[in-house]
Amino acid sequence: MLFAKSSTSISAITEKSPDTSLCDIKEDNPLIWPLLSLLKASNRSWKVHHLAAKLQQQGLMHHLDDDQQKALFKTNFLLMNALFELQQLLLPQHWLQVKAMEIQIYRVLPLNLVTSLKEDDALRDYYLNWLNYDTCPNIIQEMLESFWSRYEDYIGTSPNLMHNSQALSVFELKGDATDKQIRKQWRKLALIWHPDRPNGDAAQFRKVCEAWQTLRDKR
(Lines give C-alpha, C1' and ligand atoms only; values in the text may rest on other atoms or scores of the structure.)
Protein backbone atom coordinates (compact mmCIF):
# COMPACT_ATOMS: atom_id res chain seq x y z
CA MET A 1 0.00 0.00 0.00
CA LEU A 2 1.07 3.57 -0.56
CA PHE A 3 0.97 6.03 2.29
CA ALA A 4 1.50 9.76 2.78
CA LYS A 5 5.15 10.43 2.02
CA SER A 6 6.05 12.51 5.05
CA SER A 7 4.57 14.73 7.74
CA THR A 8 6.04 17.74 5.93
CA SER A 9 4.21 16.97 2.69
CA ILE A 10 1.03 16.20 4.61
CA SER A 11 1.12 19.58 6.34
CA ALA A 12 1.72 21.37 3.08
CA ILE A 13 -1.27 19.70 1.45
CA THR A 14 -3.71 20.06 4.31
CA GLU A 15 -2.96 23.76 4.68
CA LYS A 16 -4.55 24.38 1.28
CA SER A 17 -7.87 26.20 1.34
CA PRO A 18 -10.74 23.69 1.07
CA ASP A 19 -12.42 23.15 -2.28
CA THR A 20 -16.03 24.27 -1.89
CA SER A 21 -17.36 21.63 -4.26
CA LEU A 22 -15.58 18.92 -2.30
CA CYS A 23 -17.05 20.22 0.94
CA ASP A 24 -20.53 19.94 -0.63
CA ILE A 25 -20.25 16.20 -1.26
CA LYS A 26 -23.15 14.57 0.58
CA GLU A 27 -21.99 10.98 0.25
CA ASP A 28 -20.67 9.09 3.25
CA ASN A 29 -17.86 6.57 2.91
CA PRO A 30 -19.83 3.28 2.92
CA LEU A 31 -16.71 1.29 3.81
CA ILE A 32 -17.15 2.50 7.41
CA TRP A 33 -19.85 -0.08 8.10
CA PRO A 34 -18.40 -3.28 6.62
CA LEU A 35 -15.10 -2.36 8.28
CA LEU A 36 -16.89 -2.15 11.63
CA SER A 37 -18.27 -5.65 11.03
CA LEU A 38 -14.86 -7.07 10.13
CA LEU A 39 -13.12 -5.50 13.11
CA LYS A 40 -15.83 -6.48 15.59
CA ALA A 41 -15.91 -10.06 14.33
CA SER A 42 -12.26 -10.64 15.18
CA ASN A 43 -10.16 -10.05 18.27
CA ARG A 44 -6.97 -9.90 16.23
CA SER A 45 -5.44 -6.87 14.58
CA TRP A 46 -5.72 -6.31 10.83
CA LYS A 47 -3.41 -4.91 8.17
CA VAL A 48 -4.79 -2.45 5.61
CA HIS A 49 -4.18 -4.73 2.63
CA HIS A 50 -5.88 -7.65 4.42
CA LEU A 51 -8.96 -5.49 5.00
CA ALA A 52 -8.92 -4.49 1.33
CA ALA A 53 -8.71 -8.12 0.23
CA LYS A 54 -11.61 -9.09 2.51
CA LEU A 55 -13.82 -6.30 1.17
CA GLN A 56 -12.96 -7.31 -2.39
CA GLN A 57 -14.02 -10.88 -1.59
CA GLN A 58 -17.35 -9.51 -0.36
CA GLY A 59 -17.84 -7.56 -3.59
CA LEU A 60 -17.63 -4.19 -1.82
CA MET A 61 -14.47 -2.92 -3.52
CA HIS A 62 -13.88 -2.52 -7.23
CA HIS A 63 -11.22 -1.44 -9.70
CA LEU A 64 -10.28 2.19 -9.01
CA ASP A 65 -7.60 3.03 -11.60
CA ASP A 66 -5.88 1.50 -14.62
CA ASP A 67 -2.51 2.50 -13.15
CA GLN A 68 -1.63 -0.14 -10.56
CA GLN A 69 0.20 2.26 -8.24
CA LYS A 70 -2.67 4.76 -8.34
CA ALA A 71 -5.17 1.97 -7.71
CA LEU A 72 -3.21 0.90 -4.62
CA PHE A 73 -3.06 4.47 -3.36
CA LYS A 74 -6.78 5.08 -3.90
CA THR A 75 -7.73 1.82 -2.20
CA ASN A 76 -5.51 2.73 0.75
CA PHE A 77 -6.96 6.25 0.88
CA LEU A 78 -10.57 5.03 0.97
CA LEU A 79 -9.81 2.51 3.71
CA MET A 80 -7.85 4.96 5.86
CA ASN A 81 -10.52 7.62 5.38
CA ALA A 82 -13.19 5.17 6.56
CA LEU A 83 -11.07 3.98 9.49
CA PHE A 84 -10.40 7.48 10.79
CA GLU A 85 -14.10 8.33 10.40
CA LEU A 86 -14.97 5.18 12.34
CA GLN A 87 -12.41 6.03 15.01
CA GLN A 88 -14.21 9.31 15.66
CA LEU A 89 -17.63 7.63 15.67
CA LEU A 90 -16.62 5.00 18.24
CA LEU A 91 -15.16 7.44 20.75
CA PRO A 92 -15.53 7.72 23.70
CA GLN A 93 -16.89 4.18 24.24
CA HIS A 94 -14.20 2.34 22.26
CA TRP A 95 -10.74 3.00 20.86
CA LEU A 96 -9.99 2.12 17.24
CA GLN A 97 -6.25 1.95 16.73
CA VAL A 98 -5.49 3.04 13.18
CA LYS A 99 -2.02 1.91 12.25
CA ALA A 100 -1.49 0.64 8.71
CA MET A 101 -0.16 -2.71 9.95
CA GLU A 102 -2.08 -2.92 13.22
CA ILE A 103 -5.77 -1.99 13.10
CA GLN A 104 -7.98 -3.09 15.98
CA ILE A 105 -10.90 -2.01 18.17
CA TYR A 106 -10.24 -1.94 21.92
CA ARG A 107 -12.88 -1.72 24.62
CA VAL A 108 -10.49 0.15 26.92
CA LEU A 109 -9.31 3.62 25.92
CA PRO A 110 -5.57 4.44 25.96
CA LEU A 111 -4.33 5.80 29.30
CA ASN A 112 -3.54 9.08 27.57
CA LEU A 113 -6.18 9.41 24.87
CA VAL A 114 -5.21 12.96 23.93
CA THR A 115 -1.61 11.92 23.28
CA SER A 116 -2.68 8.87 21.28
CA LEU A 117 -4.93 11.00 19.08
CA LYS A 118 -2.28 13.68 18.65
CA GLU A 119 0.26 11.14 17.41
CA ASP A 120 -1.89 10.57 14.31
CA ASP A 121 -3.10 14.14 13.76
CA ALA A 122 -1.18 14.61 10.50
CA LEU A 123 -2.28 11.30 8.99
CA ARG A 124 -5.86 11.79 10.15
CA ASP A 125 -6.03 15.25 8.58
CA TYR A 126 -4.54 13.91 5.36
CA TYR A 127 -6.91 10.99 4.93
CA LEU A 128 -10.03 12.93 5.94
CA ASN A 129 -9.31 15.55 3.28
CA TRP A 130 -10.79 14.45 -0.07
CA LEU A 131 -8.49 16.89 -1.88
CA ASN A 132 -5.77 14.30 -1.36
CA TYR A 133 -7.63 11.60 -3.27
CA ASP A 134 -6.23 13.14 -6.47
CA THR A 135 -9.42 13.40 -8.48
CA CYS A 136 -12.32 15.76 -9.08
CA PRO A 137 -15.45 16.07 -6.90
CA ASN A 138 -17.76 14.56 -9.53
CA ILE A 139 -15.64 11.43 -9.75
CA ILE A 140 -15.58 11.09 -5.95
CA GLN A 141 -19.36 11.50 -5.85
CA GLU A 142 -19.89 8.85 -8.53
CA MET A 143 -17.43 6.47 -6.86
CA LEU A 144 -19.12 6.74 -3.45
CA GLU A 145 -22.54 6.29 -5.02
CA SER A 146 -21.27 3.14 -6.72
CA PHE A 147 -19.88 1.88 -3.41
CA TRP A 148 -23.22 2.59 -1.73
CA SER A 149 -25.06 0.62 -4.41
CA ARG A 150 -22.81 -2.36 -3.74
CA TYR A 151 -23.38 -2.03 0.00
CA GLU A 152 -27.15 -1.82 -0.52
CA ASP A 153 -27.02 -5.10 -2.41
CA TYR A 154 -24.82 -6.58 0.32
CA ILE A 155 -27.21 -5.79 3.18
CA GLY A 156 -30.42 -6.01 1.15
CA THR A 157 -31.89 -2.50 1.35
CA SER A 158 -34.66 -1.10 -0.87
CA PRO A 159 -34.14 2.70 -0.82
CA ASN A 160 -36.60 3.34 -3.67
CA LEU A 161 -39.50 2.18 -1.49
CA MET A 162 -39.13 4.99 1.06
CA HIS A 163 -40.56 8.50 0.68
CA ASN A 164 -38.83 11.64 1.91
CA SER A 165 -41.30 12.11 4.78
CA GLN A 166 -40.82 8.49 5.86
CA ALA A 167 -37.07 8.89 5.84
CA LEU A 168 -37.25 12.02 7.99
CA SER A 169 -39.52 10.14 10.39
CA VAL A 170 -36.95 7.33 10.70
CA PHE A 171 -34.32 9.95 11.50
CA GLU A 172 -36.72 11.67 13.93
CA LEU A 173 -36.19 14.96 12.09
CA LYS A 174 -38.50 17.68 10.77
CA GLY A 175 -38.86 18.76 7.16
CA ASP A 176 -36.60 21.77 7.63
CA ALA A 177 -33.64 19.67 8.84
CA THR A 178 -30.32 20.76 7.36
CA ASP A 179 -27.88 18.49 5.51
CA LYS A 180 -25.57 18.71 8.51
CA GLN A 181 -28.33 17.59 10.90
CA ILE A 182 -29.27 14.73 8.59
CA ARG A 183 -25.70 13.46 8.30
CA LYS A 184 -25.19 13.73 12.06
CA GLN A 185 -28.40 11.79 12.78
CA TRP A 186 -27.59 9.20 10.11
CA ARG A 187 -24.23 8.40 11.67
CA LYS A 188 -25.66 8.36 15.18
CA LEU A 189 -28.45 5.93 14.29
CA ALA A 190 -26.29 3.75 12.05
CA LEU A 191 -23.81 3.29 14.86
CA ILE A 192 -26.60 2.44 17.33
CA TRP A 193 -28.32 -0.12 15.08
CA HIS A 194 -25.33 -1.65 13.30
CA PRO A 195 -25.78 -5.42 13.82
CA ASP A 196 -22.26 -5.79 15.23
CA ARG A 197 -22.88 -3.22 17.96
CA PRO A 198 -24.29 -4.04 21.42
CA ASN A 199 -28.10 -4.24 21.08
CA GLY A 200 -27.77 -3.69 17.33
CA ASP A 201 -30.51 -4.78 14.95
CA ALA A 202 -29.92 -5.72 11.30
CA ALA A 203 -33.47 -4.88 10.18
CA GLN A 204 -33.40 -1.47 11.86
CA PHE A 205 -29.93 -0.80 10.44
CA ARG A 206 -31.20 -1.53 6.92
CA LYS A 207 -34.11 0.82 7.53
CA VAL A 208 -31.74 3.60 8.62
CA CYS A 209 -29.58 2.96 5.54
CA GLU A 210 -32.67 3.25 3.33
CA ALA A 211 -33.58 6.54 4.99
CA TRP A 212 -30.07 7.89 4.46
CA GLN A 213 -30.08 6.90 0.80
CA THR A 214 -33.46 8.57 0.30
CA LEU A 215 -32.47 11.82 1.98
CA ARG A 216 -29.05 12.23 0.43
CA ASP A 217 -30.54 11.60 -3.04
CA LYS A 218 -33.55 13.93 -2.79
CA ARG A 219 -32.23 16.99 -0.97
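Predicted model: local features only at pLDDT ≥ 70, side-chain atom pairs only at ≥ 80, totals over all residues.
**Exercise 1. Compare the span of helix α8 with its expected span, and state which of its residues are buried.**

Solution. Residues are numbered from 1 along each chain as its sequence is written, and side-chain values use heavy atoms, with hydrogens and water left out.

Next, take burial, where buried means under 20% relative accessible area, exposed over 50% and partly exposed in between, with a 1.4 Å probe and protein chains only. In α8 the buried residues are Pro137, Ile140, Met143, Leu144, Phe147, Trp148, Tyr151, Glu152 and Ile155. Just after α8, Gly156 takes a positive phi of about 80°.

**Exercise 2. Determine how many aromatic pairs the structure holds, and characterise the pair formed by Phe77 and Trp130.**

Solution. Rings of Phe, Tyr and Trp (its six-membered ring) pair if their centres lie within 6.5 Å, and planes under 30 degrees apart count as stacked, over 60 as edge-to-face and the rest as tilted. The structure holds 14 such aromatic pairs. Phe77 and Trp130 form a tilted pair, at 5.6 Å centre to centre with 50° between the planes. Phe77 belongs to helix α5 (residues 68–90), whereas Trp130 is in the loop between α7 (121–127) and α8 (137–155), so that the pair links distant parts of the chain, 53 residues apart. Both Phe77 and Trp130 are buried.

**Exercise 3. Which geometry does the pair of Trp148 and Trp186 have, and which aromatic cluster includes Trp148 and Trp186?**

Solution. The pair of Trp148 and Trp186 is edge-to-face, with 5.7 Å centre to centre and 65° between the planes. Because Trp148 lies in helix α8 and Trp186 in helix α10 (residues 179–193), the pair ties together parts that are 38 residues apart in sequence. Trp148 and Trp186 are each buried. One aromatic cluster is formed by Trp33, Trp148, Tyr151, Tyr154, Trp186, Phe205 and Trp212.

**Exercise 4. Locate Arg197 and list its contacts.**

Solution. Arg197 is placed in the loop between α10 and α11 (202–218), and is buried, with a relative accessible area of 14%. Leaving aside neighbours within four places in sequence, Arg197 is in contact (heavy atoms within 4.5 Å) with Leu36, Leu90, His94, Leu191 and Ile192. The C-alpha atoms of Arg197 and Leu36, 161 residues apart along the chain, are separated by 8.8 Å.

Terms used
Helix = DSSP H or I, 4+ residues; strand = E, 2+ residues; numbered from the N terminus. Expected span 1.5 Å × (residues − 1).
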